[in-house]
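Me: I am new to this structure. Please take a close look at one part of it and describe what surrounds that part.

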Amino acid sequence: MAGIKAYVELLADGDAEDEATREEFLGVINGQADRLQRLVDNLLNLARIEAGVVSVSKQQRSLNELLEEALNVVRPSAEAKQIELISDLSPLYRACWPTRDMLLQAAINLLSNAIKYTRAGGKVTLRSRLVGDQVSSRCRTRASA
């Protein structure tokens with residue numbers, strides 16, 4: 001909230017004299033407002049789950065299928081920045097019992113952030129591995145060489 005207020009004050013005080021600076025300030029304000037909206041949405045979802053208003057439906061699913069779905073959702077934004085999206089998922093089947101939408105949203109958020117903070121022409125790799133009886137998934141970014 002403090003970031004939004006600071007940039008609004010800068011705009012109100014006339015500290016953004018040229019159009020490019022105003023656009024930059026508005027972009028920061030918009031990004032911070034989106035972040036706060038996600039935070040509020042997450043808090044509301046948790047409150048609904050705790051209150052029993054939203055039922056949490058867990059079904060056995062393939063983790064890799066959910067990760068592939070997340071990759072497909074973010075692929076257009078990666079292509080727009082000419083970022084190579086690499087899927088390095090374990091060939092071993094590992095079932096999990098997630099709340100599908102929540103796990104999918106977490107994977108999409110992870111990939112979206114990786115794409116957002118990777119320079120144009122870079123690479124984003126999503127990797128899953130079976131480590132003992134647990135699954136390890138991570139996203140790695142690399143700038144273009």
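Reply: Leu46 is a place to begin: this residue sits in helix α2, which spans residues 19-51. The model is a predicted one. Leu46 has a relative accessibility of 49%, so it counts as partly exposed, because the exposed class begins only over 50%. Together with Leu39 and Leu43, Leu46 forms a nonpolar patch on the surface. The accessible area of these three leucines together is about 290 Å².

The largest nonpolar core has 17 residues, and Leu85, Leu111 and Val124 are the members that touch the most others. At least two residues of this core come from each of α3 (63-80), α4 (100-116) and β4 (123-131).

Apart from neighbours within four places in sequence, Leu85 is in contact with Leu71, Val74, Arg75, Ala78, Leu111 and Val124.

Next comes Ile86, which belongs to strand β2, residues 84-88. Its relative accessibility is 24%, so Ile86 counts as partly exposed; the buried class would need a value under 20%. Beyond neighbours within four places in sequence, Ile86 is in contact with Lys123, Val124, Thr125 and Leu126.

Terms used: Residues are numbered from 1 along each chain as its sequence is written. This is a predicted model: local features need pLDDT of at least 70, side-chain atom pairs count only at pLDDT 80 or more; totals for chains, interfaces and linings use all residues. Side-chain values use heavy atoms; hydrogens and water are left out. A nonpolar core is a set of buried Ala, Val, Leu, Ile, Met, Phe, Trp, Tyr and Cys residues joined through side-chain atoms within 4.5 Å. Buried means under 20% relative accessible area, exposed over 50%, partly exposed in between (1.4 Å probe, protein chains only). Helices (H or I, at least four residues) and strands (E, at least two) are DSSP runs, numbered from the N terminus. Contact means heavy atoms within 4.5 Å. Patches are made of residues with over 30% relative accessible area and no salt bridge: like charges are joined within 9 Å, nonpolar side chains (Val, Leu, Ile, Met, Phe, Trp, Tyr) within 5 Å. Accessible areas come from the Shrake-Rupley method with a 1.4 Å probe; for residues, only the protein chains shown count as cover. A salt bridge is a side-chain nitrogen of Lys or Arg within 4 Å of a carboxyl oxygen of Asp or Glu.
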